[in-house]
Amino acid sequence: MVIDLDRCSGCAACVVACQAENNAPIIGPEESAKGRTIHWIELIPYIEGEYPHIKARLLPRPCMHCDHPPCTKVCPVYATYINEEGLVAQINHRCIGCRYCTTACPYTVKYFNWYEPRWPKEMKGSLNRDVSIRTKGVVEKCTFCHHRLLRARERAKAEGRELLPEDYVPACVQACPSGAMFFGDLNDPFSTVSRLSRERRAFRLMEELGTEPKVIYLSEGM
Amino acid sequence: MIEEKKFGLEEDAILFEPIRRTGRPFYFTLSILVAVILWAALAYNYQYRHGLGVTGLDRPIFWGVYITNFVFFIGISHAGTLISAILRLAKAEWRRSITRSAEVITVLVLFFGVGNILMDLGRPDRMFNIIRYSQFQSPLLWDVSSITVYLAASSIYLFLPLIPDIALLRDHAGKWHRFYRIFALGWNGTERQHRRLEKAIAFMAILVIPVAISVHTVVSFVFAMTIQPMWHSAIFGPYFVAGAIFSGIAGLIVAMNLIRKVYHLEDYLRPVHFNNLGILLLIMTLLWFYFTFTEYITVLYGGEPLHMIIFWSKFTGRFAPYFWGMFVFCFVIPLPILAFRKTRTITGTLIASISVIIGMWLERFVIVVPTLTTPRLPNETVIYSPTWVEWSILAGCVSFFILLYMIFTKVFPIVSIWEVREGREKSMAEVQERIRTYLPGIGIE
């Protein structure tokens, strides 16, 4: 995934799209104040520079899907692991809720279900059936909408053709109104994301930790 | 009286008293403890039904009191086995009346260490996934393995020296005859049995030391193996082991004080025992300071911004009361008490020990929580304040431990009778002989 910060307007459409797509529970203002909101992609506000050359910025942060994730190493039950596609997957039905991965992740992308997830009655009918609902006491996180990949693959198979890059796009990328997010195969040298990742503006979060994130940011112009 | 003499119970009769007679104060204490435990059980039931949301935990402070308790209780457990093993191997004669009370702490308190981890799980019903899908790259599994070995080894190590005493009870106590007969394993005190027992105890004493050290090292690895600031530190292994022995000795001194008072064992647990343990505790106080100093000075000198945020949150920021509380309880209070012969009395060591126990709980808290408050990516400031559920469960764990310890003293003698007797009968001569071998000019070939 590539996120062009120059194009990002900080509208949070990605956050909303993700909430709806992945059945993130609605926890209410009180719990939210305690820091218990679950959003798999988050807009992180940060301050760059020092006065008087100071700038407030926003950074959309999904799971980095690291090549060397600190979280998978510490999970005692293989509930989080790197799958065949290279995505960091999370098996909610195996997770024992020890929260070791949540403390080990330097990007804090992992969320814990402090309570049984709840929705207002009106919303129950509009939950996404492709994404399983988590129980209380387990960890969850961004999957790059892995269920969409499964869907796309099945459709391609039914139509008797190869899977095309445009068949599979996560909800956040699809929803981005300013076209700041790109998704594709980084291993394919001719894909858009591959080309963008070689741009001079390209950087990854906390590269020095050796986690090798698969989310690449394009820095904002000054 | 005649009967007792015949069975050789007259001497050390006081050691059998707690097993024979149970007075009102016992039942009174028992009911208070049971009340606290029931309250904690209610609190846990509440948490089990509603989820971990009833605690003060949140994102990013995913770990709090339960993990603190886990490290703390495992630390206390180092009292027994390790100290008793070292004293046995060093042939310290003053060990004889204190080893048992130390070994019991180890075995019993381990359950609460493990229990706190289980209570910290979001899905305790899935805990067997750890066996079904074990992922041995995770330090948590190293913990599971080494604690299991430790529990087994220290249980055996507690049981072996109990055998001759159980046989004594089998022959004299009258009640629970069958129970004692089974666990006495047919002991009748022959020379051959004695030789075997001593061999087995010596073997276990040696085995248990590396196991105990591994346990607390691995506990520290849970933190040190992550790349989080002020956790990712190579000194954590030995730092945790030293802290564990530190709090363990303190726990032992408190337990011995209580046993001495309650069961009138003034003749068995003498000022010299408290003095010697006090000196050990003093050494550990200094060692603890040394480790703490090294840990923090390297962070300060390096001055990495990420580490410094957490450093200052401990020194002057939000966690300053905890940090300086820890320093006062672990160092400022016990050091002068233990340093002077005049204050290193029974009461003096008790005060120092209680202080150390409180201080070491704070130390664990100060290690676990502050690191989590400031993740690398900016985050809204979240304040972690433990709720009544967490405090109730801590109180419940402590009460349950005391309860089990009390019950143990009602079933088995808390001072190893045969070892005390052996000390009286044999070791005087043995020690004399041993000293002879040290000295030049006294002809032993």
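What share of the contacts in chain B with a separation of 6 or more is accounted for by residues 24 or more positions apart? In this predicted model, in which local features need pLDDT of at least 70, side-chain atom pairs count only at pLDDT 80 or more, and totals for chains, interfaces and linings use all residues, the share is 81%, two residues being in contact if their C-beta atoms, placed from the backbone, lie within 7 Å. Residues are numbered from 1 along each chain as its sequence is written, while chains are lettered from A and ligands numbered from 1 in the order in which they are written.

Chain B contains 19 helices and 0 strands, where helices (H or I, at least four residues) and strands (E, at least two) are DSSP runs numbered from the N terminus. The radius of gyration of chain B, at 23 Å, is close to the 22 Å given by the globule rule for 445 residues, so chain B is as compact as a globular protein of that length; the radius is taken over C-alpha atoms, and the rule is 2.2 Å times the number of residues to the power 0.38. Of the 445 residues in chain B, 44% are buried, a residue being buried if 20 or more other C-beta atoms, placed from the backbone, lie within 10 Å of its own, exposed if 12 or fewer, and partly exposed in between.

Helix α12(B) is mostly covered, with 20 of its 28 residues buried. Just after α12(B), B:His264 adopts a positive phi of about 55°.

Beyond residues up to four places away in sequence, B:Leu281 touches residues including B:Ile249, B:Ala250, B:Ile253 and B:Pro334.

In the loop between α11 (191–224) and α12 (236–263) of chain B lies B:Met230, which counts as buried because it has 24 C-beta neighbours inside 10 Å. The C-alpha atoms of B:Met230 and B:Pro370 are separated by 9.1 Å, although these residues are 140 residues apart along the chain.
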